[in-house]
Each structure stands twice: as structure tokens, then as C-alpha cells.
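Please open the structure in your viewer and keep the selection tool at hand. The tour below goes from one selection to the next and says what is found at each stop.

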Amino acid sequence: MNWMTRFTIARRATIVIGGLITMLVAVAGMAVYTVVDISGDLRTLSVSQVERIALSQRWDANVREAVARWQAAALASDSAVYPATKEATLAISADTTEVQKRFQAIESSPRGLELGKQLGEVRGRWLAERDAVRKAIEAGDHASALALGQGSFAKVSKEYLEVSRQHATYQVDRARDLGDEHIAQAKAELAAIIAVALVCLALSSLLGVALVRSIVRPLGEAVAATERIAAGDLSQALVVHGRDETADLLRSVESMRLKLSGVLGSISQSAGSISTASTEIASGNADLSNRTEQTASNLQQAASSMEQLTGTVKQSAE
């Protein structure tokens, strides 16, 4: 990355390391936030849904006990069962009313509200049938009480038990469904964190590779340039980019190449001048040698002529 060469190596390393730390902090922050969020949701779920389950089980137990006691009282052949049933079911009825009010305050799901409404409605009809049974027993009309116990009271009791069972089962199923939803949410958020971590890993790898290449590549160019210079090749110029230490090194190598090229050029020029002067000197020496040889030949000829002249003079004198 050419933009990295705008900064010093120390600044580059600081940027890369700072980026890595920032990404790690971001991933860790996401993980912590997810854990806290899921923990909060699970805490809310556990508190609220556990209460709803406990209330629904309590309501269902009250319904079963009340139905069983009043069904026994209606079908009994005498009124001896009635006093104990009346005394026990008064407390059960008061507790069921308290549970119903609490459910109306904390229930929020559409299905839960619907079942609560159905349970309240069938409870009202059951209470009306129960009061009819109670009045028949108190009036000593066991036949009417028996008819109710085998007819309309039995029918509404069965419906009451069924709706109560559905209500209690729904709360347990709802807790399971909410748990599954939160597990799915946790998995999705975990997948998102892993994806972000992988992206950060890829980015950090790219930054690391870019940092190494921004240092190693210019150093390789400097080594190659110095090897060419050592081999005597001064023809290839270096194109330098950036303002970092490696760029300064390449500029120094290029400056050395230019200076060596200039020095070698001067030496070559001086050697050419020396060669020319040597050639001229050699030519002058050859010319001088030729002239010397010519002069010697002339002198020899003159000496020979003198000898001939001397001989002639001697002959003439004789």
C-alpha cells in the first residue's frame, strides 16, 4: 500500500497495532454487551416466567381440589361430607381469586391473556353451578344436588379442569419456547461476533501484510540496486516514492549511483584525453625517429662524398 510509505515505520507500526487493539476491544465489547444483554433477558425470563408457572400450577391444583371436593359433596348420599368441603373450599376459592388477580397483572402474551380470560369465564360458570349444588345440599335436596353433580355441574367441572390444564401447560411450554428463542438469539449474536472477529482478523492480516511489504519491498529494491552497482551496472535509475526511512535509503542509493556514474564518466573522459595525448606523442616520436634516420643517412652520404673528395685531392697532389 503506497499510502503507508507516507509515514515513518514507527508511525506505521503504531497505526497497525492501534488498529488491531481497537478491533480487539470492539469484538470484546460486542461479546460483553451480548453476554450482559442475554443474561438480563434470561434473568427477566427466569423471574417472571417462574412466577407465572408457579401461579398456573397453584391455580390448577386449586381447581382440581375444589372440583374433587364439590363433586364428592354433590354425589354424596348424605350431608356429612358438606361441612368439611365448604370449610376447605372457602380458603381454596380465596387463594384462587388472589392468583387470578396476580395473573391479570403480570400476563402479557396474547395466548396467555386469552387462556386467562377463558379460565376466568369458566370459573364464573363453575362457581354458579357450585352455588346451586351448595344451596341444594343446604336445603336437604340431595336429589337435586345429585342431578347437578351428574349433569351440568359435572360438565362445567370437566371444562374447568381442561381449561386450567391448558393454562398450566401453556406456561410451561411458553418457558421452553422463550428459552429456545433466547438460545437462538444467543447463537445468532455469537455468529455475528464470530463474523466480526473474522473480518477483524482479515483486516489485521491485510494490515500486517501491507506493513511488512512496505518495509521489505523497498529494502529488496535497495539490495538489488547495490548489487547492480557492485557489478558495475550504473544504468538503471531508481524511482523513489514516499517519505519514510526506506525511501530515504533508496534516495541515498540513487544519489550514490549518480555520483559514481559521474566519477566514472570523468575518469573515462580523462582516460580518453590521456590516450589521445599518448597517440600524439607516439606519432611525434615516430616522426622524430624518421627525421633522425634521414639526417643520419644524409650525414653518411656527406661523409662518403668527403672521402671521395679527399681521395681525388690526394690523387691530384701526387
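**First stop: a buried tryptophan**

Select Trp59, which counts as buried because its relative accessibility is 1%, where buried means under 20% relative accessible area, exposed means over 50% and partly exposed lies in between (1.4 Å probe, protein chains only). Please keep in mind that this is a predicted model, in which local features need pLDDT of at least 70 and side-chain atom pairs count only at pLDDT 80 or more, while totals for chains, interfaces and linings use all residues. Residues are numbered from 1 along each chain as its sequence is written, and side-chain values use heavy atoms, with hydrogens and water left out.

The structure holds four aromatic pairs, and one of them is the tilted pair of Trp59 and Phe103, with 6.1 Å from centre to centre and 45° between the planes. Rings of Phe, Tyr and Trp (its six-membered ring) pair if their centres lie within 6.5 Å, and planes under 30 degrees apart count as stacked, over 60 as edge-to-face and the rest as tilted. This pair links distant parts of the chain, since Trp59 lies in helix α1 (residues 9-75) and Phe103, 44 residues apart from it, in helix α2 (residues 82-106); helices (H or I, at least four residues) are DSSP runs, numbered from the N terminus.

**Second stop: along α2**

Stay in helix α2 and select Thr89, which is buried at 3% relative accessibility. Leaving aside residues up to four places away in sequence, Thr89 touches Ala66, Arg69 and Trp70, where contact means heavy atoms within 4.5 Å.

Select Arg69 next, together with Glu65, with which Arg69 forms a salt bridge whose closest N and O atoms are 3.2 Å apart. A salt bridge is a side-chain nitrogen of Lys or Arg within 4 Å of a carboxyl oxygen of Asp or Glu. Glu65 and Arg69 are separated by about one helical turn, because they are four residues apart in helix α1.

Then move to Arg125, which is partly exposed, with a relative accessible area of 32%. The side chain of Arg125 meets that of Glu121 in a salt bridge of 2.7 Å, N to O, and Arg125 also forms a salt bridge with Glu159, where the closest N and O atoms are 2.7 Å apart. Arg125 in helix α3 and Glu159 in helix α5 are 34 residues apart, and the pair links distant parts of the chain.

Technical notes: Helix = DSSP H or I, 4+ residues; strand = E, 2+ residues; numbered from the N terminus.
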